[in-house]
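I opened the notebook to record what I looked up in this structure. The entries go from the whole chain down to single residues.

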Amino acid sequence: MESKQALAIVKEQLKDHRYQHTLGVMETAIELAGKYGADVKKAEMAAIFHDYAKFRQKEEMRQIILNQNMRRDLLIHNEELWHAPAGAYLVQKEAGIEDLEVLDAIRYHTSGKAGMSVLEKVIYVADYIEPGRRFPGAEEAREAAKRDLNEAMILSLQNTIMFLLKKNQAVYPMTIEAYNDLILAKREDLNSE
């Protein structure tokens, strides 16, 4: 599928401000993929479709999680997580995207996970740092992404975790696992030098 066609499909699903965000994520993902060796076309597709289900009804997403045997612990955590795994399912079913790497990048763009691929990291970070993002920590992560994708991931995860903690909200286990995985890998890299 060409990006023009993909953007037309996504535009029908999103409010204008979210479509503008998607364009920023797409541009950022293309740049990061080129810099860090991910497949640029796959990064473009995953970025375009990453928020495909963002405005779907919560009950529809809940039913997808249940009916598709996704992790049940999603249902007891923040509903903001749901559009990523539900979106990966809907993108496959409704838009015909079959590439598992693209679908996984969509699936994990809200939670992260241990052992993320470069493409998954590119989409996670691009979503966090695209030019329209103005929240505390976005600029620091943006600067880190120019130097080191893993450092940008760590900062993005730290900021997300701290945000949730300050609001007395539970942190999804896969997010903690993603953070720990990156920190332990960084420690291992430092010890091998």
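My notes follow, entry by entry.

**Entry 1: the whole chain**

I noted at the outset that this is a predicted model. I looked up the secondary structure and found 10 helices and zero strands in the protein chain. Read from the N terminus, the elements run α-α-α-α-α-α-α-α-α-α. I then checked the radius of gyration, which is 16 Å. The globule rule gives 16 Å for 193 residues, so the chain is as compact as a globular protein of that length. Along the principal axes, the C-alpha atoms fill a box of roughly 50 × 35 × 30 Å.

**Entry 2: inside, outside and charge**

How much of the protein chain is buried? I found that buried residues account for 48% of the 193. I looked at contacts with a separation of 6 or more, and 61% of them join residues 24 or more positions apart. For charge, I listed 26 positive and 31 negative ones. Their mean positions are 4 Å apart.

**Entry 3: helix 6**

I went to helix 6, residues 100-107. Its buried residues include V102, L103, A105 and I106. Why do I put them on the same side of helix 6? They cover an arc of only 160 degrees around the axis, and therefore share that side. I then looked up what the buried residues of helix 6 pack against. The partners are helix 3 (40-49), helix 5 and helix 7.

**Entry 4: helix 8**

Next I took helix 8, residues 138-147. Here I found A138, A141, R142, A144 and A145 buried. They span an arc of only 165 degrees around the axis, so they sit on the same side of helix 8. I also looked at the face turned away from the buried side. That face carries the exposed residues K146 and R147. Which helices do the buried residues of helix 8 pack against? I noted helix 2 (16-36), helix 7 (118-129) and helix 9 (149-166).

**Entry 5: A178**

I picked A178, which has its place in helix 10, residues 173-191. Is A178 buried or exposed? It is buried, with a relative accessible area of 1%. I set aside residues up to four places away in sequence and looked up what A178 touches. The list is G112, K113, A114 and L157. I also checked A178 against V40, 138 residues away along the chain. Their C-alpha atoms are separated by 23 Å.

**Entry 6: two asparagines with positive phi**

I looked up N69 for its backbone angle. N69 has a positive phi of about 55 degrees, although it is not a glycine. I located N69 in the loop between helix 4 (58-67) and helix 5 (83-95). N69 is exposed, at a relative accessible area of 63%.

Then I turned to N168. Its phi is also positive, at about 55 degrees, and N168 is not a glycine. Where does N168 lie? I found N168 in the loop between helix 9 and helix 10. N168 is exposed as well, with a relative accessible area of 74%.

Conventions
Residues are numbered from 1 along each chain as its sequence is written. This is a predicted model: local features need pLDDT of at least 70, side-chain atom pairs count only at pLDDT 80 or more; totals for chains, interfaces and linings use all residues. Side-chain values use heavy atoms; hydrogens and water are left out. Helices (H or I, at least four residues) and strands (E, at least two) are DSSP runs, numbered from the N terminus. The radius of gyration is taken over C-alpha atoms; the globule rule is 2.2 Å times the number of residues to the power 0.38. Buried means under 20% relative accessible area, exposed over 50%, partly exposed in between (1.4 Å probe, protein chains only). Contact means heavy atoms within 4.5 Å. Lys and Arg count as positive and Asp and Glu as negative; His and the chain ends are not counted. The place of a charge is taken as NZ of Lys, CZ of Arg, CG of Asp or CD of Glu. The arc is that of the directions from the helix axis to the C-beta atoms.
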